[in-house]
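Hi everyone, thanks for coming. Please take a look at the sequence and the model on the screen, and then I'll walk you through two parts of it.

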Amino acid sequence: MKKFLRILLYLTLLGFLGLFFVFLINLQVSSYSKDKIYRSAQDVPSENRIAIVLGAKVREGGVLTDALLDRVTTAVELYKAEKVKKLLMSGDNPNPQYDEPTAMKAEAVRQGVPENDVVLDFAGRRTYDTCYRAKEIFEVKKAIIVTQELHLARSIYLCQNMEVDSIGIVANKRTYLAENYWAFREFFSVFSAWFEMNFISFEPIKGNKEKIIVE
């Protein structure tokens, strides 16, 4: 019995140490990005950046969830404020029945963005893939990332480390039902991003160059 309790104690201590290490990584990533986040389109400097709009769940019929609608709306605000000239909609499209980027584009066009200024990335399965493809496929050099505040630090960290000069804008326009779950998941996702950048990365989807021309 004593041996079992001792093992249990060691495992508990290891668990706490692991959580503390993940916490430190979160602090590091947050500190890395804190001066690169803006809260309104008017505050964003005009630096000829491309807006990267990160995908999220789309409901049946191409209906955007609240979080995704707010991301697209924030990107449109950037466009109308003349802070960006192109929107890169990056999301998942695993089959013809589920298509995030096309639904995102339809909403941006509905809100007044010309179709020619919206570029689609159908292989943005994860934030890592989006940043990789922004650099390697679309040849983006300077970007402003559009997503909710919880997601911004990790997104900027990943894109910066893939040589995309990145800042971010907060797309929170309401309270979201899943915010507590997002915060829990993001805590570990930040560590996963850090691990990928420093040790072993997953293979992103590659493809032919589709350079975005900003006139």
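Predicted model: local features only at pLDDT ≥ 70, side-chain atom pairs only at ≥ 80, totals over all residues.

Residues are numbered from 1 along each chain as its sequence is written, and side-chain values use heavy atoms, leaving out hydrogens and water.

Strand E2 (residues 49-54) runs parallel to E5, joined to it by 5 bridges. Strands pair here if DSSP finds at least two bridges between them. Helices (H or I, at least four residues) and strands (E, at least two) are DSSP runs, numbered from the N terminus.

E5 is also parallel to strand E6 (residues 118-121), with 4 bridges, and there Leu88 is partnered with Val119. From E5 the chain passes through helix H3 (residues 100-110) to E6, a right-handed β-α-β crossover, meaning that with the strands pointing away from the viewer, the path from the first strand over the helix to the second runs clockwise.

How enclosed is E5? Largely so, because 6 of the 7 residues of this strand (residues 84-90) are buried, that is, under 20% relative accessible area with a 1.4 Å probe, protein chains only.

Now the disulfide, a pair of cysteine sulfur atoms within 2.5 Å. The structure has 1: Cys131 and Cys159, with sulfurs 2.1 Å apart. Cys131 sits in helix H4 (residues 127-136) and Cys159 in helix H5 (residues 149-161), so the pair ties together parts 28 residues apart in sequence. Both Cys131 and Cys159 are buried.

Key: Buried < 20%, exposed > 50% of the residue type's maximum accessible area, 1.4 Å probe, protein only.
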